[in-house]
Amino acid sequence: MTNRAEAAAATRNNLIENADRLLYEKGYQDMSIVDITKSSGVAKGTFYNYFDTKEDLLLELSKRHLGGLTEEISTFSKQQPKESIQNYMIAYVKIVMASGDNMARSWIRFVVDPKNQIKWQFDLESLDNLIRLLVENQKLDQDTPVRRIAEMLITEIYGIIFSWCISPDTINPVDSVKSFCDLQLESILQNYTK
């Protein structure tokens, strides 16, 4: 990498790291591009060299937080379907829990904004990819409705996170995922399991 490319990568990383901190401190709604650039020590225009919108930066931040999980999808896909999906869902909620309930509240505010469908799509595609790999690895039948199951599962994950944000002292997301998987996941998959 050239010096110029290294400097550009460092600036981009600086913007992402400061946005991460500000998101935690201020929340999505109260964090502006000006806040991010000021905190990063760059001009507002510099932001647009790297991201088109604040939402684009937040998607990149989400990818960074969930990057390790998306890399594990091929490993999960070698397990039995129920175990695979449960392990994915538990890993997802643990990442969110590690950020804290205040950060999760900010993410919820971001996700529920109808113009921010890109985060939903990113999470949906990750689950879709896992289920598709389970089909390819012959753990699930070829006629498995991959997208419909992925939509149900991501809705469940979001619901668990939302419930935890409302009542962090009484809701344990990992326990909620396990309960969901024990009570419902097997019946969702039963017609498609080999």
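Helices (H or I, at least four residues) and strands (E, at least two) are DSSP runs, numbered from the N terminus. The model is predicted: local features need pLDDT of at least 70, side-chain atom pairs count only at pLDDT 80 or more, and totals for chains, interfaces and linings use all residues. Residues are numbered from 1 along each chain as its sequence is written, and side-chain values use heavy atoms, with hydrogens and water left out.

**Exercise 1. The chain as a whole**

State how many helices and strands the chain has, and what share of its residues count as buried.

Solution. Begin with the elements: the chain has 10 helices and 0 strands. Read from the N terminus on, they run α-α-α-α-α-α-α-α-α-α. Next take the extent: the C-alpha atoms fill a box of roughly 55 × 45 × 25 Å along the principal axes. Then take burial, where buried means under 20% relative accessible area, exposed over 50% and partly exposed in between (1.4 Å probe, protein chains only). Of the 194 residues, 44% count as buried. Last come the contacts, a contact being heavy atoms within 4.5 Å. Among contacts with a separation of 6 or more, 72% join residues 24 or more positions apart.

**Exercise 2. Helices H4 and H8**

Find the angle at which H4 and H8 pack, and describe the residues that meet.

Solution. Step one is the geometry. Axes are lines fitted to C-alpha atoms, for helices over the stretch in contact, and angles run from 0 to 180 degrees between N-to-C directions. H4 (residues 54-71) and H8 (residues 117-136) pack at about 10°, and their axes are 11 Å apart. Step two is the class of the angle: under 35 degrees counts as roughly parallel, over 145 as roughly antiparallel, 65 to 115 as roughly perpendicular and the rest as oblique. H4 and H8 are therefore roughly parallel to each other. Step three lists the residues: Leu59, Ser62, Lys63, Leu66 and Thr70 of H4 meet Ile118, Lys119, Phe122, Asp123 and Ser126 of H8. By class, this contact has 4 nonpolar, 3 polar and 3 charged residues. For these classes, Ala, Val, Leu, Ile, Met, Phe, Trp, Tyr, Cys and Pro count as nonpolar, Asp, Glu, Lys and Arg as charged, and the others, Gly among them, as polar.

**Exercise 3. Aromatic pairs**

Classify the pair of phenylalanine 47 with phenylalanine 51 and the pair of phenylalanine 76 with tyrosine 88.

Solution. A pair of aromatic rings is described by the distance of the centres and the angle of the planes. Rings of Phe, Tyr and Trp (its six-membered ring) pair if their centres lie within 6.5 Å; planes under 30 degrees apart count as stacked, over 60 as edge-to-face and the rest as tilted. The structure holds 5 such pairs. Phenylalanine 47 and phenylalanine 51 form a tilted pair, 5.6 Å centre to centre with 40° between the planes. Both of these residues are buried.

Phenylalanine 76 and tyrosine 88 form an edge-to-face pair, with 6.2 Å between centres and 85° between planes. This pair links distant parts of the chain, 12 residues apart: phenylalanine 76 is in H5 (residues 73-76) and tyrosine 88 in H6 (residues 81-99). Phenylalanine 76 counts as buried at 6% relative accessibility, and tyrosine 88 counts as buried at 2%. Leaving aside neighbours within four places in sequence, tyrosine 88 is in contact with residues including Phe76, Asp123, Ser126 and Ile157.
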